[in-house]
Amino acid sequence: MNTGWGGMNTGWSELSREEYLHPGHVACQGCGAALAMRLVLKATGDRVMVVLPAACWTIIDGSFPTHALRVPLLHTAFETAAAAATGLRAGLDAVGAPPTTVMAWAGDGGTFDIGFQAISSAAERDEDMIYVCYDNEAYMNTGIQRSSATPWGAWTATTPAARPQDRPKKDIVGILAAHRIPYAATTTVAHPDDLVRKVTRALGVRGFRFLHLLAPCPPGWKVDSSLVIKAARLAVASGVFPLYEVEDGVRLTLNMSAPTVPVAEYLSLQGRFAHLTEEQAAHIQSMVDARWVDLEDWHLRTHGGPPIGIPSALDGHGRPGDVVPHG
Amino acid sequence: MTIAWTESRVLTGNEAVAEGVCLARVQTIAAYPITPQTQIVERLAEMVARGELAARFVNVESEHSAMAACFAAAAVGARTFTATSSQGLALMHEMLHWTAGARLPIVMANVNRALAPPWSVWADHTDALSQRDTGWMQVYAESNQEVLDSILLAYAVSERVLLPTMVNLDGFLLSHTAEPVEVYAGHRVDLFLPDFEAPYRLRPGEPRAFGGLADPGRYLEFRLRLQQAMARAAGVIEEEGARFAVAFGRGYGLLHAEMMEDAETVLMVVGSMATTARAAIAQLRREGRRVGLLRVRVMRPFPFGAIRRALRGARRVAVLDRNLSPGHHGILHAEVKSALFSEPARPSVSGYVLGLGGRDVRPEDIAGIVADVERREGGEDLIWWGTGAPPSEIPVPAERREALA
């Protein structure tokens, strides 16, 4: 049964051998944000211009006069990613520049919090850009402070273990979808097939396109740098970070079948959740379950049938039903 | 057949800004409404919609985003414009530093308006002068003709020195007051102001980064170069003003001096107040008083040299500030004193703060200030003018007296 264009794609996506991220960038070992950029640029190629507000990536790119990317990049103020990308697009059109995609690249603080006014407005105007939020779920560059992307129960430097984050993560994709933008999707650094397919799909659409890209941060999540991929896989497999896409703000397609891994497995991998009691972990499980029901319901309304996962999105090995995460 | 070189039209200051922007063939406009500036962006939106101006017009959601959009558009080489006032300018503050630091020749009209609270929509220069350390050049127009001319000049100067320019016009006094303005034929403006070819720009396919981290071993040199550009800008403003005079018959400089021959008392003013001061001083001159007028047209780069030269021979100066730096004095007053400090012979300098929040400054105020300053041989830093009574004599409600004591 065809359950939607997303569900039909069960094959491999081409992952370019080209590298657009030079070695010598200054990300931490195992940095999800660096990997995110590397994978996204493999999908876009070099016909892209990056607008970068304050973020870990401000540092990762290297200090003047070095530049770690093989594409142009404009640094801008923290809250201005979407506004500056709007201006960049307008300016390129005004001067008659050769075809290029404008890509705003911001962290969760720059997107969920301080840049929220600008992103909402650019989305409402349907400005022609791809906006990628690489989400490491806190202000990592300043030393792990809470953002509105920080999940319920997490430790950060401003939500200490004695009083951890007590609000659920902001539903940024839902909010942006409500702007009726042509394309919004979630993906992670541990699902390169899914990521490349979604970037490619975004490239084929005009208007405001949003990618919510989970990018674990080893020091911020308190996971070993060798476990970044495993953490992101478990985030998906447990349903904490479901993979889905929304067209025109209306049609939702889940890119995975129902989560099978207990959330506790995802939580126990990370030091930022080490203080949680069993009751608190169970509360997170119940929130994840409820969210899955909502998404599945939306998928059913869109497609008239249950989601068929992209197996590679779950385990990277193309075996349907195999949701065992690989470290 | 005759070619129309100019057309005389009756325009408000806001309309004059829009005509200037249209003549400058601006390519990208990002705009947000605020009183008393709104008519500028309304008029520009119309011009773009009707195809009179081939620009991208972005209706952004705030002044901060307006300047962020202008910043990025200018970074790829587009000629860029926005307009604002007061609160909007204050909101932009971060991006003013950003655009000047990035050395982008953006031009902005700022319709001077007081800052809240209490709410006020009327003329006051504190909005613009609060931004004087951002690296933007600042021009203050006296008339609507000068408003239009200053927009054209601003692009000519900015694109040579790679610094942004803020063209200031007094809220309502200019922005909403109509007067005859000569609007030049487009082909004449094109000769004066050709298309902008940005020497540095971000281009698709060229992997450069603009604005990245500069460590302590490098940052200072960026600011040194910005300051050198400002220093150069003073001369460029004079050069372009002279070139403008050849092209259009009207010259502009940093400082406009009038009736200065044999002047013992000099009034220094900014913006539309100069028109009132000119009329009042002309009357005093007819009465045999030796009074002169200096209008500071450019506040950044500050015309130190021109002010020193102009004030040689003066006995006393009254600086009229439609602004206030709380805890200090009027801002022009403080800067004039700093310009004169190195002079071997200095006039006495008195500072008058007046006209804040649109309080009317009348010819009799000017005459009163001349009489007042002539009684103050040593100079006085902060004289509140036009409050009706010195602050110490403003009645305080009985229930507040104890708290204030």
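This is a predicted model: local features need pLDDT of at least 70, side-chain atom pairs count only at pLDDT 80 or more; totals for chains, interfaces and linings use all residues.
The interface between the chains is considered first. On the side of chain B, 39 residues are in contact with 38 residues of chain A. Together the two chains bury about 2,900 Å², and 69% of this area lies on carbon and sulfur atoms. Within chain B, the residues that lose the most area to chain A are B:Glu61, B:Pro204 and B:Leu213, which together account for 20% of what that side buries.

Two salt bridges are found across the interface of chain B and chain A. In a salt bridge between A:Asp93 and B:Arg56, the side chains meet at 4.0 Å, N to O. Four elements of chain B give two or more residues to the side that touches chain A: strand S3 (56-59), helix H3 (63-75), helix H4 (86-101) and strand S9 (209-210). Of these, H3(B) gives the most, with eight residues. By class, the residues on the side of chain B that touches chain A divide into 20 nonpolar, 10 polar and nine charged.

The two chains are also linked by strand pairing. Strand S2 of chain A, residues 73-75, pairs with S9(B) in the parallel sense, over two bridges. A:Leu73 has B:Ala209, in S9(B), as its bridge partner.

The next interface lies inside chain B. This chain is divided into domain 1, made of residues 8-199 and 210-248, and domain 2, made of residues 255-391. The centres of domain 1 and domain 2 of chain B, taken over C-alpha atoms, are separated by 27 Å. Contact between the domains involves 27 residues of domain 1 of chain B and 22 residues of domain 2 of chain B. The two domains of chain B bury about 2,000 Å² between them, with 54% of it on carbon and sulfur atoms. In domain 1 of chain B, the most area is lost to domain 2 by B:Arg132, B:Tyr140 and B:Glu142, together 30% of what that side buries.

Five salt bridges are found across the interface of domain 1 and domain 2 of chain B. B:Glu142, one of the residues in domain 1 that lose the most area to domain 2, also forms a salt bridge with B:Arg278, where the side chains meet at 2.8 Å, N to O. The elements that give two or more residues to the side of domain 1 that touches domain 2 are helix H5 (126-129), strand S6 (137-140), helix H6 (144-161) and helix H8 (219-248) of chain B. This side of domain 1 of chain B has 16 nonpolar, five polar and six charged residues.

Over all chains, a search of the whole structure finds 55 salt bridges. One pair in chain A is A:Arg197 and A:Asp194, whose closest N and O atoms are 4.0 Å apart in a salt bridge. Both A:Arg197 and A:Asp194 lie in helix H8 of chain A, residues 192-203, where they are three residues apart, about one turn of the helix.

Technical notes. Residues are numbered from 1 along each chain as its sequence is written. Chains are lettered from A and ligands numbered from 1 in the order in which they are written. Side-chain values use heavy atoms; hydrogens and water are left out. Contact means heavy atoms within 4.5 Å. Buried area is the accessible area (1.4 Å probe) that two parts lose on being put together, summed over both. Ala, Val, Leu, Ile, Met, Phe, Trp, Tyr, Cys and Pro count as nonpolar, Asp, Glu, Lys and Arg as charged, and the others, Gly among them, as polar. Two strands pair if DSSP finds at least two bridges between them. Domain bounds come from an automatic or database domain assignment.
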